[in-house]
Amino acid sequence: MAEVVLRDLVKTYPGATARATDEVSLEIADGEFMVLLGPSGCGKTTLLRMVAGLEMPDAGQIVIGGKDVTYLEPRRRNLSMVFQSYAVFPNKKVADNIGFGLQVHGVPAGEVRRKVEWAADLLQLTPYLDRYPAKLSGGQRQRVAVARAIVMDADVLLMDEPLSNLDALLRLSFRAELKKLVSELGTTTLYVTHDQVEALSLGDRVAVMRNGEIAQCDAPTAVYDDPASQFVGGFLGSPPMNFLTGTVEQAAEGSRLDLGGQSLTVPAALSAYAGKPLTLGIRPEAIEVADGDGALTGELQVLEPLGSSALLTTDIDGQTVKVQAPPSFRADPAERLSLRIPPEACRWYDPETSLLLEVR
Ligand code: ATP
């Protein structure tokens, strides 16, 4: 096991105008499960491949377990990798697939067998050790790829979207298995995904990336509850955080956010925004439909029953706001709904920088 330190990693692919990673720094503690999350093309895979040694950075440094490995060959970094494609050998039985890396490293046959049996047991592959991959399901094949990675006793486990080829149900069950397995192993893990639920579920911390940079890196609850920017709030959550922009007005009872008809209390700490635009960020599940005593009124545009909840699309003074209501919620089209906005769920953003403002 080892700590992984990335310092100011810059990578520009030949012919590209923008940097794939732009001075990325990240410290992954010994035994930590770090997830890289972000939209397509934000640089997640490039960062992972640089840690693996499959891509060379133009500048910066990679330190694993206190050793500078920036220019070391992949096989000398003591890493294990699991990729999106199952990458199992079709002409080798499951046991030989799992033990392949060990055999290549000249590990004695008895030791290989012991480790293969251990990994097969952990990943529930014992009944399939004598089968060829063609006779396995997608989920079983992906478990073989994970088993092959964990038998190597690597310092660091690198995974690039390992669940993305699985169907929704398998993904869900394998996600939980993977979480349990990795926490038992305690191996330092760097995991790439563009699936936010997977990131929040698996990561000790989640590094949200955008345009080759890390927009925020924190515990899953922290990136979800306190998005450092409108980008992070708008990327995490399904549906994502609502943003409502207005102008701060000074009233006798304090500052209010004027939305062009209705208004909302603004924390005293933001009084410097008087006369200026300000953006409220609020999660759809934080808004409550109240019995007439809500702070805002929204006109119902669409009601979508989603099984475990009802998703409401409302219009507040021309701005669209999503509200997650209980599944039994009923209302007529165009009904005016009274919406309670709990002050403790409000996050405030500067519309110019789109960054979170400290109010506590
Ligand atoms: P995805 O989720 O789609 O895999 P990603 O976040 O992993 O995306 P990268 O694959 O790291 O993103 O790509 C970052 C940027 O670098 C993108 O703009 C991409 O087009 C570019 N890029 C990636 N690989 C290469 C390459 N081999 N040659 C040139 N440009 C590349």
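D226 counts as partly exposed, at 23% relative accessibility; that label covers the range between buried (under 20% relative accessible area) and exposed (over 50%), using a 1.4 Å probe and protein chains only. Its partner is R347: the two form a salt bridge with the closest N and O atoms 2.7 Å apart. Here a salt bridge is a side-chain nitrogen of Lys or Arg within 4 Å of a carboxyl oxygen of Asp or Glu. D226 sits in the loop between α7 (220-225) and α8 (230-235) and R347 in strand β20 (residues 347-349), so the pair ties together parts 121 residues apart in sequence. Helices (H or I, at least four residues) and strands (E, at least two) are DSSP runs, numbered from the N terminus. R347 itself is buried, at 12%.

A quick word on the ground rules: this is a predicted model, with local features needing pLDDT of at least 70 and side-chain atom pairs counting only at pLDDT 80 or more, while totals for chains, interfaces and linings use all residues. Residues are numbered from 1 along each chain as its sequence is written, and side-chain values use heavy atoms, leaving out hydrogens and water.

Now for E32 and R205, whose salt bridge brings N and O to 2.6 Å. E32 belongs to the loop between β2 (21-28) and β3 (33-37), and R205 to strand β9 (residues 205-210), so this contact links parts 173 residues apart in sequence. E32 is buried at 10%, whereas R205 is partly exposed at 25%.

R143 is in α4 (residues 138-150) and E177 in α5 (residues 168-185), so parts 34 residues apart in sequence get tied together.
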